[in-house]
Amino acid sequence: MAQSGDIVSPAQSPDSGLETVRTRLRGGIVWGAVGVGSGRVLQFVTTLILARILAPEHFGALAVALVVQTIALNITELGATAALARGDRDAKEIAPTIFTIGLVTSAFLTGAVFLGAPALAAAMGDPAATPVVQIMAFTVLLAGLSGVPAAMVWRDYLQRPRALVEVAGTACTLVLVIPMALDGWGAFALAWSRLGGQLFTTAGYWLITPQRFRPGFDRRVAAYVLRLGMPLAMANLVVFATLNLDYIVVGRELGAAELGVYLLAFNLASLPSSLITAVIRTVAVPTFGRLHRAGRLAAAAPGMLGISAYLALPVSALLVGLAEPLIRVLYGQAWAGASVAMIGLGIFGAGRILTEMLADLCVGAGRTGGLFWVQVAWFVTLLPALLVGASFSGLAGVGAAQALVVWLVVLPIYFLLVRNTVGAPIGAMVLRCLPPAVAAAAAGLAGWLVANVVGQPLFAVIAGGPTGAALYLLLTRKYARQALKSLRTLTASGADGAPLPASTAAPLSLGS
């Protein structure tokens with residue numbers, strides 16, 4: 001039964017969205033992977049080029065600006081677009097109000113970041129980053145303008161046009177930044193190119209959105225979307241403050257040059273988590289919202305978490321095992337110091353993938369209140385860990401602090417939260433993640449051993465990477481077949497409301 005004040009479309013039955021899941025999920029994943037993968041490859045290539053043009057302190061200034069920008073972006077629309085993306089309400093009823101909320105808050109935050117840039121940059125230990133922060137502030141306003149169109153694309157699984165827009169925006173950034181950097185713009189090249197890319201992306205979303213809405217306001221709708229969105233926005237604010245807390249600590253404790261080195265290490269170590277999380281997120285929330293409405297989310301949760309672990313953990317493990325030769329091959333000897341942070345950051349990235357999936361399950365269930373408190377616990381635990389790590393072991397200690405906190409504190413809390421909000425048993429979720437975790441650890445160790453035997457960085461990567469990957473595929477061949485069968489069962493389920501077969505909840509195991 002709907003609670004008082006809810007906006008419910010009577011034409012939508014609990015099972016009506018499952019046909020959408022069945023017909024669009026697989027295509028959404030494929031095109032989401034194409035779009036996100038292409039965009040990340042372009043970003044990665046851009047970073048490789050710029051690492052040989054710009055100095056570490058220029059990346060340090062960008063890191064300061066990114067911290068401020070990321071926090072502002074995640075409170076721009078107060079989490080309201082999640083209500084639109086879930087797909088269980090009539091867009092015509094709620095989109096105008098969400099648009100208004102996004103415009104007002106993004107305009108306010110853009111002004112606040114622009115005026116507060118000197119204080120923000122000084123607080124992070126790099127006052128020279130002030131103009132870079134001010135330029136990046138305008139990306140917040142552009143994000144507010146594109147919030148509703150992007151949510152409509154997300155809601156309707158329109159991943160092919162979304163992929164084109166995202167890749168084109170990244171390519172625009174690349175086209176702008178390289179000549180600027182060669183011309184001596186330094187950190188300003190990074191800032192202006194990102195602003196240009198965001199402008200291009202915003203225009204693209206307005207072109208591809210299936211429906212366009214004007215700003216409007218309805219108090220009942222605002223109450224509904226903010227009841228769902230505010231806890232999510234507050235949780236996002238804390239989580240992004242938490243995920244950028246390391247930049248603040250490194251900048252203040254170790255200096256701008258070390259911050260630039262750490263930013264490079266973090267970007268490489270988090271590549272699998274950002275890539276796989278972004279691919280899954282293109283379809284996760286609208287899919288989970290429809291499954292929850294049909295009463296099937298609890299049964300599907302362990303399998304979806306297991307698939308995320310299967311895809312992400314081996315990449316993180318190989319990044320850890322091949323950290324030192326990989327840094328030298330990709331970025332050059334000048335950035336060799338980044339490898340000491342890679343071990344902890346790679347392990348952290350693997351855990352972060354699981355936390356993102358668990359958070360999306362809560363959003364899909366429409367119960368976001370607990371997410372805020374998880375992030376508060378994360379922040380409170382991470383701050384002293386980072387300070388201790390930086391003091392005793394520099395960048396290596398910072399990476400280790402990230403890994404210990406996410407695996408020993410954050411993930412256990414998330415499992416409890418998903419059990420209480422979604423109804424998925426903790427044991428089933430852990431069992432789905434355990435086989436790929438064991439196989440990934442073995443693959444990373446194998447890659448490290450081969451790399452140490454080979455010695456020369458380029459050949460160490462060429463030999464160690466395929467060796468670890470082959471071992472992982474060998475160990476998990478049975479698991480992969482079972483996981484694929486589970487996903488097919490989910491996407492092929494009819495709209496008749498029949499319960500999912502028991503086989504979809506059966507534990508998966510490694511191949512013999």
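Which residues have the most contacts inside the largest nonpolar core? In this predicted model, local features need pLDDT of at least 70 and side-chain atom pairs count only at pLDDT 80 or more, whereas totals for chains, interfaces and linings use all residues. Residues are numbered from 1 along each chain as its sequence is written, and side-chain values use heavy atoms, with hydrogens and water left out.

A nonpolar core is a set of buried Ala, Val, Leu, Ile, Met, Phe, Trp, Tyr and Cys residues joined through side-chain atoms within 4.5 Å; buried means under 20% relative accessible area, exposed over 50%, and partly exposed in between, for a 1.4 Å probe and protein chains only. The largest such core comprises 119 residues, and Tyr 262, Tyr 331 and Leu 358 have the most contacts inside it. The greatest contribution to this core, 19 residues, comes from helix α15 (residues 369-421); helices (H or I, at least four residues) and strands (E, at least two) are DSSP runs, numbered from the N terminus. Contact means heavy atoms within 4.5 Å. When residues up to four places away in sequence are not counted, Tyr 331 touches Phe 44, Thr 47, Leu 48, Ala 51, Arg 52, Leu 264 and Leu 268. A second, separate core has 12 residues, among them Ala 95, Ile 98, Ile 101 and Met 152.

Aromatic pairs were also examined. Rings of Phe, Tyr and Trp (its six-membered ring) pair if their centres lie within 6.5 Å; planes under 30 degrees apart count as stacked, over 60 as edge-to-face and the rest as tilted. The structure contains 9 aromatic pairs. One of them joins Tyr 247 and Tyr 262, and it is edge-to-face because the ring centres are 5.9 Å apart and the planes stand at 80°. This pair links distant parts of the chain, with Tyr 247 in helix α9 (residues 245-254) and Tyr 262 in helix α10 (residues 256-269), 15 residues apart. Tyr 247 counts as buried at 5% relative accessibility, and Tyr 262 is buried at 0%.

Tyr 310 and Tyr 479 form a stacked pair, 5.7 Å centre to centre and with 20° between the planes. Because Tyr 310 lies in helix α12 (residues 297-321) and Tyr 479 in helix α18 (residues 477-492), the pair ties together parts that are 169 residues apart in sequence. Tyr 310 is buried, with a relative accessible area of 15%, and Tyr 479 is buried, with a value of 0%.

Helix α12 also holds Ser 308, which is buried at a relative accessible area of 1%.
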